[in-house]
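Work through the exercises below with the structure open. Try each task before reading its solution.

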Amino acid sequence: MTPSVSPYHALRQRIAALCDGETDTVALMATIACELYHAFDHFDWVGFYRHVGDGALKIGPYQGGHGCLTIPSGRGVCGKCAREQQIQNVPDVNAVPDHIACSSTTRSELVLPVVSADGELIAVLDIDSDTPHAFTVDDERHLQAICAIVAGP
Ligand code: SME
């Protein structure tokens, strides 16, 4: 039997090739958001919220329906990810009272921190799905590596 190849295999190669030599953070975020959104049918919203100081996250490059423009870092799943600099994998957003619903169809959510080499929070990567329990530990692992491209060396 042929072992199945992870869809992330080709995706990560493509993202690495597209981002090769690029150092502009917005260019990197835009390219990654586009590639991720189009790679998986169950990624219904993909985007970055940039850490802009004053305890706020501001919308960055994204794909999908329009997202909230500002998220206070004291609020929501994105805010928790920003505060704790830890991945937030939420299988059922309805079970999280603090979840900020930008779309009524969202059922699960994965948020990853983008942290520079010196530990500074640059942004969070937010992926929303209309499917419950959409995100696996494998997603977390691959997306963490993709976030490292935005964070830079
Ligand atoms: N659900 C997020 C807000 C961002 S939107 O879903 C695009 C949260 O709770 O932080």
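**Exercise 1. Find polar contacts of the ligand (N or O pairs within 3.5 Å).**

Solution. Start at D128: an N or O atom of its side chain lies 2.7 Å from an oxygen atom of the ligand. Next take the backbone. A polar backbone atom of I100 is 2.7 Å from a ligand nitrogen. A polar backbone atom of V77 is 3.0 Å from a ligand oxygen.

This is a predicted model, where local features need pLDDT of at least 70, side-chain atom pairs count only at pLDDT 80 or more, and totals for chains, interfaces and linings use all residues. Residues are numbered from 1 along each chain as its sequence is written, and side-chain values use heavy atoms, with hydrogens and water left out.

**Exercise 2. State how much of the ligand the protein buries.**

Solution. Take the ligand alone: it exposes 310 Å² (Shrake-Rupley method, 1.4 Å probe). The protein buries 99% of that area.

**Exercise 3. Describe the shell around the ligand (residues with a heavy atom within 4 Å).**

Solution. First, list residues. Among them are W45, Y49, H99 and E109. Second, sort the shell: seven nonpolar, two polar (Gly counts here) and three charged. Third, find the largest share: α3 gives three residues.

**Exercise 4. Explain what the aromatic pair of Y8 and F40 ties together.**

Solution. First, the geometry: the ring centres are 5.0 Å apart (a pair needs centres within 6.5 Å). Now locate both residues. Y8 lies in helix α1 and F40 in the loop between α2 and β1, so the pair ties together parts 32 residues apart in sequence (helices are DSSP runs of H or I, at least four residues; strands are E, at least two).

Notes:
A residue is near a molecule or strand if one of its heavy atoms lies within 4 Å of it. A polar contact is a pair of N or O atoms within 3.5 Å; within protein, one must be able to donate a hydrogen and the other to accept it, and residues adjacent in sequence count only if both atoms are side-chain atoms. Rings of Phe, Tyr and Trp (its six-membered ring) pair if their centres lie within 6.5 Å; planes under 30 degrees apart count as stacked, over 60 as edge-to-face and the rest as tilted.
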